[in-house]
Amino acid sequence: SLFTENTFLKAEPEFMASAEIKNGKAILHFKEVPTGIYGITAFHDENGNERMDFEATGMPQENYGISNNKFNPYGPPVWSDARFELATTPLEMKINLTR
């Protein structure tokens, strides 16, 4: 999911994409995204229910990641860690998933 600062983890993302995992990788393409400042969140929907699952304590039950691969060990992802600038040229980003 691709978010702006105003929607990051609070509302529906501006853009969404999904892909099958093949050989430990999933490749996603967001098309026709205007230039701007964005953040990405990604997760492995292990049970196929199309949502991120959490334990009663709030800890994730499925692997997740954010743009820039900066993980907050004490809580949910933080906008300042995930933000990046999208200019007019295509951008390739590798996002590692963890739990």
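User: Before we get going, what counts as a helix or a strand here?
Analyst: Helices (H or I, at least four residues) and strands (E, at least two) are DSSP runs, numbered from the N terminus. Keep in mind that this is a predicted model.

User: OK. Where does Thr7 sit, then?
Analyst: Thr7 is in the loop between β1 (2–3) and β2 (36–43).

User: Is Thr7 buried or exposed?
Analyst: Thr7 has 11% relative accessibility, so it counts as buried.

User: And what does the Thr7 side chain make a polar contact with?
Analyst: With the side chain of Glu14, at 2.9 Å. Beyond its neighbours within four places in sequence, Thr7 is in contact with Glu12 as well as Glu14.

User: Switching to rings: how many aromatic pairs are there?
Analyst: The count is three. One of them is Phe8 with Trp79, edge-to-face, with 5.5 Å centre to centre and 65° between the planes. Phe8 is in the loop between β1 and β2 while Trp79 is in helix α1, 71 residues apart, and the pair links distant parts of the chain.

User: Why does Trp79 count as buried?
Analyst: Because its relative accessible area is 12%, and the cut-off for buried is under 20%. Phe8 is buried too, at 6%.

User: Which residues form the aromatic cluster?
Analyst: Phe3, Phe8 and Trp79.

User: Last one, Ser67. Which backbone oxygen does its side chain reach?
Analyst: That of Ala82, at 2.4 Å. Ser67 lies in the loop between β3 (64–66) and α1 (79–82), and at 0% relative accessibility it is buried. Past its neighbours within four places in sequence, its contacts include Gly39, Phe84 and Met93.

Technical notes: Residues are numbered from 1 along each chain as its sequence is written. This is a predicted model: local features need pLDDT of at least 70, side-chain atom pairs count only at pLDDT 80 or more; totals for chains, interfaces and linings use all residues. Side-chain values use heavy atoms; hydrogens and water are left out. Buried means under 20% relative accessible area, exposed over 50%, partly exposed in between (1.4 Å probe, protein chains only). A polar contact is a pair of N or O atoms within 3.5 Å; within protein, one must be able to donate a hydrogen and the other to accept it, and residues adjacent in sequence count only if both atoms are side-chain atoms. Contact means heavy atoms within 4.5 Å. Rings of Phe, Tyr and Trp (its six-membered ring) pair if their centres lie within 6.5 Å; planes under 30 degrees apart count as stacked, over 60 as edge-to-face and the rest as tilted.
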